[in-house]
Amino acid sequence: MQKIAHRHFALVPAAGGGTRMGRETPKQYLNLMGEPLLRHTLRVLCAVPQIERVYVVLSVGDQTWNGFDWSDLGDKLKPIYVGGPSRADSVLNGLRAIRPDVRDGDWVLVHDAARPCLAPWHVDALIDTLDDDEVGGLLAVPVADTLKRADPQGRAVATVPRDSLWQAQTPQMFRYMMLRRALESARDVTDEASAIEAAGLRPRLVRGDPTNLKVTYPLDLHLAEWILKNRES
């Protein structure tokens with residue numbers, strides 16, 4: 001029996017405001033090396049040969065996207081204005097919107113818009129490792145630091161064993177229908193893997209590296225610039 005070839009699609013939720021950055025401009029549009037932060041993310045995904053299309057989930061009232069020229073990223077890129085109040089809502093709305101283009105068993109790689117240091121080898125490792133996996137998985141990094149549990153007053157009350165602890169990253173790669181059903185059943189989650197876990201499944205952890213950082217605070221922009229400049233050189 002011939003094996004069915006499943007396709008790969010990327011979904012980038014970019015409807016958030018990035019309030020922790022302390023800026024009026026939404027985080028995904030902040031300047032990073034002369035370009036909107038989001039462009040660095042999309043450039044890598046659009047260049048991956050295995051990915052057929054890159055969907056960007058924008059807020060319904062987004063008035064910033066069209067202020068930039070994205071044509072250099074090619075025909076793969078497609079904005080969809082269906083963003084919701086949370087990440088899970090935006091991803092689920094995006095999955096519903098792309099339904100006409102995607103089959104149940106196709107792979108969807110969900111990636112944070114605010115991870116501009118994604119590298120081609122990160123995506124290659126994820127796809128190569130998971131393409132025959134029954135569940136799917138995510139990029140992640142083993143926790144290296146000592147972890148403390150704090151009380152309400154901000155004092156350490158316990159040291160948390162870091163054995164077997166991993167820090168989740170993105171992309172997170174799952175079958176279209178499996179992910180959609182998981183998110184429809186578990187809406188109060190912070191990433192796609194959590195929804196898959198809530199469905200009783202065990203996503204595979206694919207080792208990434210710390211350079212795939214998420215821009216959350218102002219200092220992170222400087223770190224991202226340093227990573228990108230040194231990677232290029």
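This report describes backbone features and aromatic contacts in a predicted model.

## Cis peptide bond

The peptide bond between threonine 170 and proline 171 is cis, with an omega of about 10°. Proline 171 belongs to strand β10, which covers residues 166-175.

## Residues with positive phi

Methionine 33 is not a glycine, yet its phi is positive, at about 60°. Methionine 33 sits in the loop that runs between β2 (31-32) and β3 (35-36). The relative accessibility of methionine 33 is 29%; because this value falls between the limits of 20% and 50%, the residue counts as partly exposed.

Serine 164, also not a glycine, has a positive phi of about 70°. The loop between β9 (156-160) and β10 contains serine 164. With a relative accessible area of 71%, which is over 50%, serine 164 is therefore classed as exposed.

## Aromatic pairs

The structure contains 4 aromatic pairs. One of them joins tyrosine 29 and phenylalanine 68: their ring centres are 5.9 Å apart and their planes meet at 15°, so the pair is stacked. The reasoning rests on two cut-offs, because ring centres must lie within 6.5 Å for a pair and planes must be under 30 degrees apart for stacking.

Phenylalanine 68 has a relative accessible area of 30% and is partly exposed. Tryptophan 65 and tryptophan 70 make up another stacked pair, because their ring centres are 4.1 Å apart and their planes are at 10°. Tryptophan 65 and tryptophan 70 are both buried.

## Aromatic cluster

Tyr29, Trp65, Phe68 and Trp70 come together in one aromatic cluster. The cluster includes the stacked pair of tyrosine 29 and phenylalanine 68 and the stacked pair of tryptophan 65 and tryptophan 70.

Notes. Residues are numbered from 1 along each chain as its sequence is written. This is a predicted model: local features need pLDDT of at least 70, side-chain atom pairs count only at pLDDT 80 or more; totals for chains, interfaces and linings use all residues. Side-chain values use heavy atoms; hydrogens and water are left out. Helices (H or I, at least four residues) and strands (E, at least two) are DSSP runs, numbered from the N terminus. Buried means under 20% relative accessible area, exposed over 50%, partly exposed in between (1.4 Å probe, protein chains only). Rings of Phe, Tyr and Trp (its six-membered ring) pair if their centres lie within 6.5 Å; planes under 30 degrees apart count as stacked, over 60 as edge-to-face and the rest as tilted.
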